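This report looks at how the chains of one assembly are built and where they meet. The sequence and structure come first, and the reading follows.

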Amino acid sequence: MSASSVFDICLAVLLLGIGAWTIIVDNAFAAVIGFVVYGLSLAIAWVRLSAVDVALTEAAIGGGMTGMLMLGAVARLRLARVDGAGTRWSVRLVAAPLCALIAASLATPLLFPPPVIPSLAPTVTQNLVPTGLGNPVAGVLFVFRSLDTLLEKVVLLLALLGIWSLAPDGAWGGQPGLRVYAQPNSTLTFLAQLLPPIGIVVAIYMCWVGAKDPGGAFQGGTVLAAMWLLVIIAGLENVPSIGQPWLRALLVFGPLLFLVIGLAGLVLANAFLAYPPGYAKPMIVAVEVALTLSIGVVLGLLAAGPPELARRQ
Amino acid sequence: MDSFLFSAASFVLTTIALGLIVIIQRPADVDHMMAAQLLGTGGAAILVLLAVASKSSAIVDVALLLALFAAFAAVAFVRGAIKSTTKTPTVANGR
Amino acid sequence: MNDATLFGLCGAALVGFGLYGLITNPEPLRKILAFNLLGSGVFLVFGVISRRAAAAGLGGDPVPQAMVITAIVVAFAATAMAIALVLRLFEATGRATLGSDGPADKGNA
Amino acid sequence: MTLAFDIFTAFAVAAGALFFLAGTIGLLRFPDPLTRLHALTKVDNLGLGFIVVGLLPRADGVLGALKLVSIWLIVQLSGAIVTQLLAITVRQHGPRG
């Protein structure tokens, strides 16, 4: 058995262990921390599956941002009444074999793969050359399946609208009630002054490198969002009111530029979201830069939650 | 050499995994957060080992993000711990 | 059995765990967590399928990888939305469960 | 020359791995949260530090080496500050944090 197989087995056991633990543990706070640990370990598993782009996304979103959201929620819900005892044993007894059955039926096709495995990898590498991009995943995201990516941005905006619509009437247009660190604390202030410059450099680097190597707008935008939230949590900046015009402009800037370039493709390249030959790479980089900003703002506001405080005059 | 680096990565992973199993059984939340920090650092170490062992420098970027977001999660934790205890004063003052 | 299959089986098992948690855990926040676990298991299975289709000098098929990236971001948006709903439920009713015992939660569940 | 570098890498990586072991044991054995935090920081600086130093000769050019060192620096700085934040939480709210 090679050293890499030993590593993979250790990692799979760790993933299964933490995954099971987040489900069975009683304490919700512990379960959430377990989920953060799980997200960080899953990033390593994605590296082992040669999907570095996914690993970057998982480390940033799965571990960091989702963890932050859930830690905030669980801290608020500590005071909640948990009424009604746990689920009845009969339900558990029925559910367990059912879930095992579903897991087994998912595992079966993996254990017995078809003789010929279909792959789009050769097609992608062939068609990647004219675009000038070096990262096949970026090629898929921004050239071959760009409609998906555009609509995904719309989904993010819709989710944000959904969250905002949960605001009480009086708070509409006000500030999101993101919990900040209660007492001003020089240690956290120092971290919030130290980390964001590094994070912004990392975000620009992620966005820039995305055309050639793993990375891109999602990863860069998530880093930006995290740094923004860090500054807010430390109390160095206020959460902006959701009615601010600059905020709304930033939110739609990326998707709008994407849409405009897509529509320009109708004139210049005869198809929606097609790029004129020779100009593909600069256009994609422009879209990625705009999207990085917009994704940063959208993710930050998604994590900040619905407005709770009335608009400041 | 590469298989040595893989073995080192497995060793670090096993160490951390065993540590995690014990730590998460403790009652205090702060211990759990230490486990997450341990995994953040250890994950970064494992990833730089993997990056060199499999000669793919892009993996180093994953280590970078892992380190950044482990710190971010810890800040989110500290915020939650402070907030909840200020609301329930009975828990405070355990010194 | 190669290493990719190992992670595939791991992903399948995680789907099972997540589903079990989704069914049996009464707290909505834990249900959201379990659902995320379920989702990541599905992504892992998909990633293994992508790894198998490695060709043309790439480590895996980039199309499923791009789809998984999109899926992770969308899952985050859905999680944020669900958590906002749970917190609103808590604010409105003072409870964070969807139990069927009691008149207070009518219309919330 | 290559052999010398290899021996150096092997020693430094092994030392780093040992510090991971030591830090984890400390995390398990030390009696209270503050001393456990102390063990955690040893992993941050010495464990990761030795591994990064050991990998430097095999890094991907000067830029690759710089990136490795900067990861260590980020972990070092954020780890030290985060540890202090956790310690403040313990001090204020007791070991149950």
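Two residues are taken to be in contact if their C-beta atoms, placed from the backbone, lie within 7 Å. The model is predicted, and by this criterion no contact joins chain B and chain C, whose closest C-alpha atoms lie 11 Å apart. Chain C and chain D do not touch either, their nearest C-alpha atoms being 20 Å apart. Chains A and C, by contrast, share the most contacts of the 4 pairs of chains that are in contact.

**Chains A and D**

The two chains described here individually can be set side by side, each row giving one property for both.

| Property | Chain A | Chain D |
|---|---|---|
| Helices and strands | chain A: 11 helices and 2 strands | chain D: 3 helices and 0 strands |
| Buried residues | chain A: 51% of 313 residues | chain D: 42% of 97 residues |
| Share of contacts between residues at least 6 apart that join residues at least 24 apart | chain A: 75% | chain D: 62% |

Read from the N terminus, the elements of chain A follow the order α-α-α-α-α-α-α-β-α-α-α-α-β, whereas those of chain D run α-α-α.

**The contact between chains A and C**

This contact takes 83 residues from chain A and 73 residues from chain C. On the side of chain A that touches chain C, at least two residues each are supplied by α1 (3-24), α2 (28-48), α3 (52-76), α4 (89-111), α5 (121-131), α6 (136-144), α7 (146-164) and α11 (280-304) of chain A. Within that side, α3(A) gives the most, with 13 residues. By class, the side of chain A that touches chain C divides into 56 nonpolar, 16 polar and 11 charged residues.

**The contact between chains B and D**

Here 42 residues of chain D are in contact with 42 residues of chain B. The side of chain D that touches chain B draws at least two residues from each of α1 (2-29), α2 (33-55) and α3 (61-93) of chain D, and α3(D) gives the most to that side, with 15 residues. The residues of the side of chain D that touches chain B are 24 nonpolar, 10 polar and 8 charged.

**The largest nonpolar core**

The largest nonpolar core has 213 residues, and those with the most contacts inside it are B:Leu47, B:Val48, B:Val62 and B:Leu66. Helix α3 (residues 58-87) of chain B provides the largest share of this core, 19 residues. Because domain 1 (1-118) and domain 2 (120-313) of chain A both give residues to this core, the core lies between them.

Which residues is B:Leu66 in contact with, leaving aside its neighbours within four places in sequence? From chain A, B:Leu66 is in contact with A:Leu40, A:Ala43 and A:Ala59; from chain B, still leaving aside those neighbours, B:Leu66 is in contact with B:Gly40, B:Gly43, B:Ala44 and B:Leu47. Of these partners, B:Leu47 is itself among the residues with the most contacts inside the core.

Technical notes: Residues are numbered from 1 along each chain as its sequence is written. Chains are lettered from A and ligands numbered from 1 in the order in which they are written. This is a predicted model: local features need pLDDT of at least 70, side-chain atom pairs count only at pLDDT 80 or more; totals for chains, interfaces and linings use all residues. Helices (H or I, at least four residues) and strands (E, at least two) are DSSP runs, numbered from the N terminus. A residue is buried if 20 or more other C-beta atoms lie within 10 Å of its own, exposed if 12 or fewer, and partly exposed in between; C-beta atoms are placed from the backbone. Ala, Val, Leu, Ile, Met, Phe, Trp, Tyr, Cys and Pro count as nonpolar, Asp, Glu, Lys and Arg as charged, and the others, Gly among them, as polar. A nonpolar core is a set of buried Ala, Val, Leu, Ile, Met, Phe, Trp, Tyr and Cys residues joined through C-beta atoms within 7 Å. Domain bounds come from an automatic or database domain assignment.
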